[in-house]
Amino acid sequence: MDFLHHRPSLRRSSPRLAAQCGKISPILAGLILALIAFGGCGVSTYNRLVSSDTKIEAAWSEIQSQYKRRFDLIPQLVETVKGAANFEQETLQKVVEARASVGQINITPSDLSDPAKVKQWTEAQSQLGTALSRLMVVAEKYPELKATAGFLSLQDQIEGTENRIGVARKDYIDTVNTYNTATRKFPGSVLAGIFGFEPKPQLSFPEANLDQAPKIDFGEKK
């Protein structure tokens, strides 16, 4: 009977209890809204990091493509220059050796986060570029070379390739700057740590002026 006597009071308290359970504290509501907002922002930031990382790989592929083109042109140039009487053999040999050093170094996109490997690659390419520039300057002293159609054609191709290399390097550096900045800013810094977006080392070519579009000229052609 006592149980039946108290049932109405239980029924009367049920709506009050339900209302209390349905209430959300302002702090909890704020946390939920923050999580929702951060979740949307986090997805957007993550997608930007992925997109930026992909652009770096594309820019790197363009650099490698242009350097390979130069690499492939050098044997033809060496054979053409060999035909010139009394050509400076030391200058020619330095180009051959520098090209061999470049051929021993291979960098994949996964190696771009390794500063040591990137530095080794850039130094080898710089040495080859310096040796090649020296060879082309010396070749200007040989009228028979300058009058050879094959040499003039190679000279044009190498000059064009050097210009494209300069543009590709600048594009890569700009892309890496954008990516590295995104990994350091919030919330990118948080997501970069969670998902393993590591900073990329910059390319460093001391002989190049990357603040302006490059113009390569190995000498006046006559």
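Guide: What follows is a walk through this predicted model, from the overall fold to single residues.

Visitor: Good. How many helices and strands does the protein chain have?
Guide: The protein chain has seven helices and zero strands, and its pattern along the sequence reads α-α-α-α-α-α-α.

Visitor: And what share of the residues is buried?
Guide: Of the 222 residues in the protein chain, 34% are buried. The accessible surface of the chain comes to about 13600 Å², and carbon and sulfur atoms account for 57% of that area.

Visitor: Of the contacts between residues at least 6 apart in sequence, what percentage join residues at least 24 apart?
Guide: That figure is 82% for the protein chain.

Visitor: Let's go inside. How many residues are in the largest nonpolar core?
Guide: The largest nonpolar core has 45 residues, and those with the most contacts inside it are Leu77, Phe87 and Tyr172. At least two residues of this core come from each of H2, H3 (89–103), H4 (115–139), H6 and H7, with H2 supplying the largest share, 11 residues. As a general point, nonpolar side chains in soluble globular proteins tend to be buried together.

Visitor: What does Phe87 touch, then?
Guide: Leaving aside residues up to four places away in sequence, Phe87 touches Val81, Leu92, Leu135, Val138, Ala139, Tyr142 and Leu145.

Visitor: Val81 again, but from another side: how far is its C-alpha atom from that of Gly150?
Guide: The two C-alpha atoms are separated by 9.9 Å, although the residues are 69 apart along the chain. Gly150 lies in helix H6, which covers residues 149–184, and Gly150 counts as partly exposed because its relative accessibility is 35%.

Visitor: Switching to charges, how many salt bridges are there in the whole structure?
Guide: A search of the whole structure finds nine salt bridges. One of them joins Glu162 to Arg70, with the closest N and O atoms 2.9 Å apart. Glu162 sits in helix H6 and Arg70 in helix H2 (residues 26–82), so the pair ties together parts that are 92 residues apart in sequence.

Visitor: Are those two buried or exposed?
Guide: Both Glu162 and Arg70 are buried.

Visitor: Which residue does Glu79 pair with?
Guide: Glu79 forms a salt bridge with Lys82, and the closest N and O atoms are 3.5 Å apart. Both residues lie in helix H2, three residues apart, which is about one turn of the helix. In general, an α-helix has 3.6 residues a turn, so residues three or four places apart point the same way. Glu79 itself counts as exposed, because its relative accessibility is 52%.

Visitor: And Lys146, what is its partner?
Guide: Lys146 forms a salt bridge with Glu140, the closest N and O atoms being 3.4 Å apart. Lys146 counts as buried, because its relative accessibility of 16% falls under the 20% cut-off.

Visitor: Last topic, helix H7: which residues are buried there?
Guide: In H7, which spans residues 188–195, the buried residues are Gly188, Leu191 and Ala192. Viewed down the axis of H7, these buried residues fall within an arc of 105°, so they line one face of the helix.

Visitor: What does the face of H7 turned away from that buried side carry?
Guide: That face carries the exposed residues Gly193 and Ile194. Just after H7 comes Gly196, which takes a positive phi of about 75°.

Conventions. Residues numbered from 1 in each chain as written. Predicted model: local features only at pLDDT ≥ 70, side-chain atom pairs only at ≥ 80, totals over all residues. Heavy atoms only, no water. Buried < 20%, exposed > 50% of the residue type's maximum accessible area, 1.4 Å probe, protein only. Helix = DSSP H or I, 4+ residues; strand = E, 2+ residues; numbered from the N terminus. Arc of directions from axis to C-beta. Contact = heavy atoms within 4.5 Å. Areas by Shrake-Rupley, 256 points an atom, 1.4 Å probe, with all protein chains shown as cover. Salt bridge = Lys/Arg side-chain N within 4 Å of Asp/Glu carboxyl O. Core = buried A, V, L, I, M, F, W, Y, C linked by side-chain atoms within 4.5 Å.
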